[in-house]
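Here is a short tour for a reader meeting this structure for the first time. Have a look at the sequence and the model before reading on.

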Amino acid sequence: MALHILLADDEREFVETLAERLGLRGHHVRVVYDGLSALAEMEKELPQVMVIDWMMPGLSGEEVLRKVKAAHAGLPVIVLTGHQAVDDNGQDPVAGAFMCLTKPVAFATLLDAITAAALSSGEVRS
Amino acid sequence: MLASLKTKFFDAFGHAFEVPDEVSPERYRSLRRIMTWLMVAVSVTPLLLLTGINHAQYMRTLEREMENPLYALVRKSQASLELFLGERASTVSLIAHAYNFDELTSGTTLTRVFMALKSEFKGFVDMGLVDDKGRQVAYVGPYELLNADYAKQPWLHETQVKGRYISDVFLGLRGIPHMVIAVQRMEESGRTWTLRVTIDTAQLEELVASVGLMQDTDAFLCDAKGVLQTNSRFYGKTLEKLPLSLPPRSLETTVRHISDAEGTRLVAAYTTLAGTDLTLMAVKPATDLLRPWTSLRSELLIVLCGGIAIIVIVSHLLMKHLVGRLEASDERRVAAFAQMEHNQKLSSIGRLAAGVAHEVNNPLAVINEKAGLAQDLLSMDGDFPHKQKLIGLLQSIESTVERARSITHRLLGFSRRMEAHQQELSLGEIVEETIGFMERGAKNRGVSITTEGFGEAPRIVSDRGQLQQVFLNLMGNALDAVADGGAIAVRCAAADDGGVKVQVSDNGKGMSEEVRKHIFEPFYSTKKDKGTGLGMFITYGIVRRLGGDIDVESEEGRGTTFTITLPHMPPQSAGGDA
C-alpha cells in the first residue's frame, strides 16, 4: 500500500530522515520546510495524507490546517508538535486534524497513524 | 528637642507597626509592652491629675472650715470686748468732764458717783482721783490706796500724753492683776488731774469665754509683748508669757497657721482691740480638724489605687488580646505569603520544565528518526561483522529516546492546556476505582486501605481522568512508604466553600523536613531507581489546575498525610496554564 504523503516541517534533519524511512517502505513522499510551500505543493498534486509540524515559520501549522480543511475537507492531516501534549488515548485538541502526535513519536505509531488516516479518507491506492 | 523626641517616638512605634518579614514573638511582646504602658499612662495621668486637684481643693475647703469658726469667734469677742472697754472709758471720761476737781474731792461725791457707776456697769473695782503730782487725792474702793503715789506708774505717763488710756493688765501697787482706765482733765483754771478706775480682769475672761468655746479651742488676750492678759486654757495664767510666737499687730481679723513649742500645728485667729495694745487670739489645733481629711484621703487612695489597678489589668488584657489578634493575622499573612511564593515558584518551575521539554523534543525526534533510518538501512543489507551489535546499539538509542520522551511528555503534562473534560462526579467512586488498581499489590503485602466519609461528601464538578491520576499517585506513594502490614486511610469531608477535602494518610516511614519542602518540585525523588521524580510535581500541577490546593504533613517514622482541597466548581481559568 503505497501512499502519497506530504511532509511539512522546518526541522530539516528530522523531516528528511522521516521521508527517507517512509520512502524505504514504498510511500511517495514529498517534503517542504514551511507552511506556504506545503499549501503550494498540496495544490500541485493532492496527497493522500499530510503530516505537518505545528510550529513552522511563515504560515503556522494551525493556519495550514485551516486552509487545507477549507480547500479539501476530506484530506486527512496529522499534526506533529513538540509543544502540545496529547492525551494517551489520542484525544485531539486540534480541531480538524486527524490526529495530533507529540515529538518524538515512535515511527511505528506514526506509520499506523498515516495508514489509518489514508483508510479514513477511503483513498488507498494499491 | 521636640523634633528629636518625635523621631524617637516614630523610631520606636514605626518599627513596632512595620509589616514583619517573619513573626518573632519578641517583637509582639515589646509591642504589647509599649502599647500597654502607653495606654496606662494616658489613662492614669488624668486620674492622678484629678485626684491631685481634688486633694488640693479639699484641703482648701477643710482649711476654710477650720478657719471660719475661729474667725467668727474672734470677731464676736472683739466686738463685745471693744464695747465693754469703750463703754467704760466713755463713762469715766463723762464723769471727769461732768465734775470739777473740787467737787470730786470734797465730801461723798466720789463715793456717790462710784456707787452709781457700779450699779450701772459690771467690773469696776475702785476709782480714784490723781492730782498733777501723781498723788491719789481721793479714792473709793476696797484697798488702802488714798494718797498712794502713782508718779512713777507708766499708765499715768501714758494718760498724760494721750489724755485717755486703757492699760494692759498689771499688778500695780495692790499686787493683784487688774487694768486701768484713766482720763486726764484739764480745767479752765489750768488745773490738771486724772480720774482713774480699775477693772477686774475676771470680767474680760468672762467676756472672752461668753462666746462659747469648743473643747479644743482656746481664746485669750495678750499684750504687745506676748504677756497673757487673761487666763488661757492651755497656754498659762494671766501675766504669764504666752509660749506662742506673737503675730504682728493687725486691726483686721487675721487667720494664720502657726506651731507651738512642741511643733503641733495650730490655727490662730487674732485681732488687736481698737484703742488698746491688747491682742485677742483664738487658737485651735490643726491636726484635729484634719481628721476627716485623713479618713477621706485613705478612701481616695483606695479608689485611686483600685482605679489604677483596673486600668493596668484592663490595658494588659486588652493589649494582649489586640496584639494577639495582630500576631495571628500577621502569622496568617506570612503563611499566605509563603504559600503564594511556594505556588509561584512551582508554577515557574513548571513553565521552565515545559519549555525545556519542548526544546528537547525536536532534537529527540531527530535522533529517533536517524536511529530508525539507520536500522532500516541495516536491515536491508546483508550480514557483515558487528551487524547485530549495531542493531542492538540503535535499538538502545531508540529505547533511550523513548525514556526521554516519557519524561518530556510528563513535564509537558504539567502545564498542558486542559480542554473541558469536566463533569459532575463522586470522589468516592474515583477513589474506589483507584483502590481497585492497587488492591492486589496491597493485599500481597498485607497493607490495609480504608476509606471514610465519602458517602456524605458532596459531588463536585471536576476532571475524572486527572483526579484518577492524582489519587493513583498519592496512594501509590503511600503504598511505597508503608512497611508490609501497614495502613493507608483515605478520608473525605465537606469543605467550607462547598468543595471537598480529601486526606490520604499512611503510617509509613514519613519524610524529613528537607524532603517535605521540595516534594512538589520536578525530579525530586526519594525512590532513587524507581520513579522519575515527576509524580508529585504532576499531581501538584493537576490539583492547582483544578482550582484546588495540596498540602503535606509528615513526621519521620510516624507517617505522612497529603491533604487535597477541591472546589465545588473549577475556576473559569482552569483551561489556562498552571
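## Chain B in outline

This is a predicted model. Chain B has 578 residues, and 29% of them count as buried. Its secondary structure includes 13 helices and 16 strands.

## The nonpolar cores

The largest nonpolar core holds 54 residues. Within this core, B:Met281 and B:Ala282 touch the most other members. Helix α2 of chain B, residues 25–98, supplies the largest share of the core, with 9 residues.

What does B:Met281 contact, once neighbours within four places in sequence are set aside? The partners are B:Ala219, B:Phe220, B:Cys222, B:Ala268 and B:Tyr270.

## Where chains A and B meet

How many residues of chain A are in contact with chain B? There are 17, and they are in contact with 21 residues of chain B.

On the chain A side, helix α1 (residues 12–24) gives the largest share, 7 residues. By class, that side has 8 nonpolar residues, 5 charged and 4 polar.

Technical notes
Residues numbered from 1 in each chain as written. Chains lettered and ligands numbered in written order. Predicted model: local features only at pLDDT ≥ 70, side-chain atom pairs only at ≥ 80, totals over all residues. Helix = DSSP H or I, 4+ residues; strand = E, 2+ residues; numbered from the N terminus. Buried ≥ 20, exposed ≤ 12 C-beta atoms within 10 Å, placed from the backbone. Core = buried A, V, L, I, M, F, W, Y, C linked by C-beta atoms within 7 Å. Contact = placed C-beta atoms within 7 Å. Nonpolar A, V, L, I, M, F, W, Y, C, P; charged D, E, K, R; others polar.
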